Structures are given as C-alpha cells and as structure tokens.
Amino acid sequence: MEELFHSIQNFSVSDLKETTTNVSTTPVNVPPEENITGAPTPAEAVEYFENEETLKLKAKQIASLIKNAKRTCIYTGAGISTGAGVPDYRGPQGVWTLLAQGKRPTMKISLEQATPTYCHMALVELLNRGLCSFVVSTNVDGLHRRSGVKQEQLAEVHGNIYKEYCDKCGATFVRMFAVNKSSVRRWTGRLCDTCKVGKLRDSIINFGENLPEYELNEAVKQSKLADLTIVIGSSMRVTPASDFPSYSYENGGKFCIVNLQKTPYDHAVIESGGVRVFAKCDQFFRLVMKELDVEVHPFVEDIKDFEAELNNLIPDPLWEGDSIMKKYNVYSMADEGPPPKSVLDQITN
C-alpha cells in the first residue's frame, strides 16, 4: 500500500495512457490559428476517469493537504456546475466544442433553475470550518452565492447573472432572479436600493471587457496569501484567471487540479508536490469530505424573501426597456420553462 501511495504522489501526466479506465473523445476540426472561441483540439477533448481505488488514495492526500495548509484558495470553473445541469465549455458536450462542430448547444434547464451541487455545498462547509480561506470562480451562474458563500469569501471574476451594481455609490445586490434578462446596454431598469438615485447595471463580463477591479485584486491577493491552491472543474485555458494559482505555487505553495481533461498546468501540479485528479467534481469531493469527516448539508431552496424583494425594487422612472416585472410570471420563468417544483409549490400554495 505504501508503494502504491508513493507512486500516486509522484504521478506523471505521461502515465495517463496506462492508468486510464475510460476515455471519451469528441472530434473537433478547428485549426489552432482559428481557435478563437477556445474550442478544444481533439487531444484536449479527451476525458480521463481514474479508478475508485486511485481516487480514494488521492482524496486522502488532498484531505491531508487541506488539514495542514495555513490558507487554502480554491478556484472553480464550469465543471463544478455540470452536475446541476449547466453545460461546460470544452467537454465532449461543451458549448465551444459543439459550436466548433456546427451544432447548437442546448440546456435542459435554464440557469435560473439550476441549483448548487454537492461540490458547491462542500465548499460552503470548508469555508465555514476555516478549511478554505477564499474561492475564486469564473462561473456566472451564481451558484456559489446561492449555496451560501458570503460576498467577502468569493471573487466572481466573470460576473454573476444574479448580481447588479450601482453606477453611483458602487453598492452591489444579489437578487433571486437573473438581472440581465431585461437589461438594455447593461442597465437593468432599476435604481439603487442604497442611494436611491444611482442606476443599476448587470455584472456580467463579456469577451474583451476588463475584469472587475475589486474581484481581480482580491483574487490576486488571496492567491498570494495561500499556501495551498486547488482548481476544480476548469481546463485552465482562459487568462488571466488561469494565472491566479501561480502566485502561490511559484512561491512554494502546493497546487492541485481536479478536472477530467488535461490542462496546460498539469506539470506545475507535479512540480509543486500537489495532486492531479481526473474525476467528476461531486464524485471526488464526496471522498475528500469523508476523509475530512465533514458532513455536507444539501441545498434547500428558500424563497420566503422573494415577494419582499420584489416589493422593494425601485423602478427607474426613465426606463425605456421592457417592464422590469415582465419576467416574474412564475409559470413561464422568462419563457424558459417552469421553475423547479419546490419553488412553484411554495409560490402557489
């Protein structure tokens, strides 16, 4: 057993062809020079699944690293939300992958219907127990905030579909609905709850736009402070987000990656003495939390403040877009299908 544990600790990406148990590939014919959207090449589209025994040993390793770290910073990508029904970007059925094949990506649910996964809730427990100091996410689905992660514990560097901010005083508000559904030129049609005069804007960062200054600075700061960094569900191909962990591991910190596909940073994991894991996020973190002996509470939808929130919204009297209340027909959910049954039952009963 000790010999097997030692071999896993010194795992090399070059050994993948020998340790892989399942492989799925998606042919993508996109020349690198035309790879504008970030669609994966055939080699990048390969997913690797490690066997259960290997995953248990790696879960034990990462749990040990978490216990012994002074500050842990965790970075999440689209892979953490696939368990909620939200597609990733570069997986076999990812957004960029399908577009490169001339296919249209589809979602079985809307982002507003997605709920936090086991892994989202596991991170809440790690934060609450001081086993994680900070989370940096490139996801816009808002599931970290919905799961219970506090604003001061999180940097959403690409924005949040539920968050809007005031152009006057800078106050931010996380709603229970997607604020960008009826926005026009980024304005959401509401006035600031705090100063009452500033206009509210959505927080989504589109391609070519600068990252929000506070989130960017906080991500860099927390990365520099961390002596353990863990990437979850990201192929790490979008900068500058993919560079954040280097502020830690280039200064002696341990670096780990949990992702089904290879990343350009796998070598840095080995060099730092970290752990490289090829597994689905929920599957692997169930093993990690078991090793840490930490119970993970399931997400419970709570809409008791929904009506009060709607009543307190301040419409912009000069708004020329659609009515800001148009999307609150709970049966249509902005024409994207009904909300989850648990939500609909509480609204209609």
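Which strands and which helix do the buried residues of H7 pack against?

Modeller: Before anything else, please keep in mind that this is a predicted model, and that what follows is computed from it. The buried residues of H7 pack against strand E3 (72-76), strand E4 (134-137), strand E5 (154-156) and E6, and also against helix H8 (246-249). The residues of H7 that are buried are Glu 215, Glu 218, Ala 219, Val 220, Gln 222 and Ser 223. As for the helix itself, H7 covers residues 213-225, and its 13 residues should span 18 Å at 1.5 Å a residue, which agrees with the 18 Å between its end C-alpha atoms.

In general, the strands of a sheet pair through backbone hydrogen bonds, either parallel or antiparallel. Strand E6, residues 163-166, is joined to E7 by three bridges in the antiparallel sense, and within that pairing Val 174 of E7 is the bridge partner of Lys 163. E6 also runs antiparallel to E9, again with three bridges, and here Cys 166 has Leu 200 of E9 as its bridge partner. E9 in turn is joined to E8 by two bridges, the two strands running antiparallel, with Lys 199 of E9 as the bridge partner of Leu 191.

Side chains of opposite charge can pair when their charged atoms come close. Glu 164 forms a salt bridge with Arg 175, the closest N and O atoms being 2.6 Å apart. Because Glu 164 lies in strand E6 and Arg 175 in the loop between E7 and strand E8 (187-191), this pair ties together parts that are 11 residues apart in sequence. Both partners are buried, Arg 175 with a relative accessible area of 7% and Glu 164 with one of 0%. Glu 164 also meets Arg 190 in a salt bridge, at 3.1 Å from N to O. Here the link is between distant parts of the chain, from Glu 164 in strand E6 to Arg 190 in strand E8, 26 residues apart. Arg 190 is buried, as is Glu 164. Salt bridges that share partners bring Glu 164, Arg 175, Arg 190 and Asp 193 into one network.

These pairs belong to a set of 10 salt bridges in the whole structure. Another of that set joins Arg 129 to Glu 125, with 3.6 Å between the closest N and O atoms. In that pair Arg 129 is partly exposed, at 46% relative accessibility, whereas Glu 125 is buried, at 10%.

Cys 195 is partly exposed, with a relative accessible area of 25%. For Cys 132 the closest cysteine sulfur is in Cys 73, 6.8 Å away, and this too is too far for a bond; Cys 132 is buried, with a relative accessible area of 4%.

Finally, there are the aromatic rings, for which the count is three pairs. Tyr 249 and Phe 255 are stacked, with 4.6 Å from centre to centre and 20° between the planes. Tyr 249 is buried at a relative accessible area of 16%, and Phe 255 is buried at 0%. The rings of Phe 284 and Phe 285 have centres 6.0 Å apart and planes at 85°, so this pair is edge-to-face. Both of its members are buried, Phe 284 at 0% relative accessibility and Phe 285 with a relative accessible area of 1%.

Definitions and conventions: Residues are numbered from 1 along each chain as its sequence is written. This is a predicted model: local features need pLDDT of at least 70, side-chain atom pairs count only at pLDDT 80 or more; totals for chains, interfaces and linings use all residues. Side-chain values use heavy atoms; hydrogens and water are left out. Two strands pair if DSSP finds at least two bridges between them. Helices (H or I, at least four residues) and strands (E, at least two) are DSSP runs, numbered from the N terminus. A disulfide is a pair of cysteine sulfur atoms within 2.5 Å. Buried means under 20% relative accessible area, exposed over 50%, partly exposed in between (1.4 Å probe, protein chains only). A salt bridge is a side-chain nitrogen of Lys or Arg within 4 Å of a carboxyl oxygen of Asp or Glu. The expected span of a helix is 1.5 Å times one less than its number of residues. Contact means heavy atoms within 4.5 Å. Rings of Phe, Tyr and Trp (its six-membered ring) pair if their centres lie within 6.5 Å; planes under 30 degrees apart count as stacked, over 60 as edge-to-face and the rest as tilted.
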